[in-house]
Amino acid sequence: MGDRGEFFSSGPRRLYGFLHEPRATEAPLAIAPAVVVFVHPFMEERQDAHPFLRSLAGQVSARGLWAMRFDLHGCGDSEGEWEDSTVDSWREDIRAACDFARAQSGVERVILCGLRFGASLAALADVGPARVPLALIQPVVKGVAYSMDMLRAYLAAEMVLTKKAGVTRDALLERLRLGQTVNVFGYHLTAAQFDGIRAVDLTTALTAYPARSLVVDVVKTPTARASNELTALVAAMGSGATLARAVEPQPLHVEGKVHLTRAEQVELALLGWLETLDQP
Amino acid sequence: MSSEELVTKVRAYVLSNFPVADPGAVTNEASLMDLGIVDSTGLLEVFEWLRDEFSIEVLDAEMVPDNFDAITSIAAYIARKTSAG
């Protein structure tokens, strides 16, 4: 046994997952056995966040829980083309990852943890039979804004490459409407993906969420304003949801001056919350 | 904030947030894109900083090198946007 990477199936798709076995090399968390399944963010953010998520999964296993990371269809080491995916197929991938994690670990209880749009997908995955606890790190709450940010990323890349004014987002929307794709950092965004992402609204989807949950607002400085969006999300989720604040000078999902490999305040927030899960 | 103060603030932001091997070699007029200091994801970070720090929302039509290619051009853009109120 031990830590291991393996392929598993999500319908016709072959995905790559990596299981971290419980080590309990540090004080074990006082909760019943569980497997924490991590969902990565999208596009460039996935690559930049990889060391952080790997470290976070390692911390969870060091405290005595199973942890699993995996690549969504068309991402990382999983097979397929990214543009063949949709929001619904990504949700299926998460459900398949949870089934695989349960089967491999022999532990039924799943906790989903995601970063950015990975958190949003985790929240919408509906991994049943009951709603599972969610740990959402800087989730994308409104898909409308996020989808427009994707198009803005295209404009930024074009400006840097061509050193001149490029197209507008309206022109990119027209391309999508005509069935063309928009290349965002090498990922060919389709109209189906764009529409699916636009439809995401966590505040509505998670209203009165029945399981305990954590939302982590990651800020750069101690004096930074709290996110109104995340505050509203937690209020909508109800009394089972906790809002934590983590001050991390370096962004978790964007390459900065220093490549982030650990985010200690996020670790503390996640591990501290996990410890409370079985408390009345 | 005076234009000199804006340049100082932008310079401090750029040097502390982006990988710069030799800060002394980066003049305020140098092309941050040509030097590889700010790439497309970096540009998005600059936009986020402008929103957080100056409440400036960059419009699509404003996404041109004249506004963002150098420390002085970013500072001038901020001055225009904030004085336009």
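Two residues are in contact if their C-beta atoms, placed from the backbone, lie within 7 Å. Helices (H or I, at least four residues) and strands (E, at least two) are DSSP runs, numbered from the N terminus. This is a predicted model, in which local features need pLDDT of at least 70 and side-chain atom pairs count only at pLDDT 80 or more, while totals for chains, interfaces and linings use all residues. Residues are numbered from 1 along each chain as its sequence is written, and chains are lettered from A and ligands numbered from 1 in the order in which they are written.

**View 1. Helices α4 and α6 of chain A meet.** From α4(A), the contact takes Gly143(A), Val144(A), Tyr146(A) and Ser147(A); from α6(A), it takes Phe194(A), Ile197(A) and Arg198(A). By class these are 4 nonpolar, 2 polar and 1 charged residues. Here Ala, Val, Leu, Ile, Met, Phe, Trp, Tyr, Cys and Pro count as nonpolar, Asp, Glu, Lys and Arg as charged, and the others, Gly among them, as polar. The axes of α4(A) (residues 143-162) and α6(A) (residues 191-198) come within 7 Å and cross at roughly 140°. Axes are lines fitted to C-alpha atoms, for helices over the stretch in contact, and angles run from 0 to 180 degrees between N-to-C directions.

**View 2. An open sheet of 8 strands lies in chain A.** The strand order is β1-β2-β4-β3-β5-β6-β9-β10, with mixed pairing; two strands pair if DSSP finds at least two bridges between them. β1(A) (4-10) and β10(A) stand at the edges with a single partner strand each, so one side of each has no neighbour in the sheet. From one strand to the next, the twist averages 25°. Helix α3(A) (residues 117-124) packs on the sheet, where it touches β3, β5 and β6 of chain A. Helix α9(A) lies across β5, β6, β9 and β10 of chain A and runs at about 155° to β10(A).

**View 3. Strand β6 of chain A has buried side chains on both sides.** In a regular strand the side chains alternate between the two faces of the sheet. Leu134(A) and Leu136(A) point one way from β6(A) (residues 134-137), Ala135(A) and Ile137(A) point the other way, and all are buried. A residue is buried if 20 or more other C-beta atoms lie within 10 Å of its own, exposed if 12 or fewer, and partly exposed in between. β6(A) pairs in the parallel sense with β5(A) (residues 110-115) over 4 bridges, and Ile137(A) is the bridge partner of Leu115(A). Another 4 bridges join β6(A) to β9(A) (residues 213-219), also parallel, with Leu134(A) opposite Ser213(A).

**View 4. Val254(A) touches residues of both chains.** Val254(A) lies in the loop between β10 (241-247) and α9 (264-276) of chain A. Not counting residues up to four places away in sequence, Val254(A) touches Glu45(A), Asp48(A), Thr41(B) and Glu45(B). Val254(A) is partly exposed, with 18 other C-beta atoms within 10 Å. The C-alpha atoms of Val254(A) and Ala49(A) are 7.2 Å apart, although 205 residues separate them along the chain.

**View 5. Chain A is in contact with chain B.** The contact involves 17 residues of chain A and 14 residues of chain B. α4(A) gives the most to the chain A side, with 7 residues. That side divides into 8 nonpolar, 2 polar and 7 charged residues. The predictor gives the complex an ipTM of 0.80 and a pTM of 0.90.
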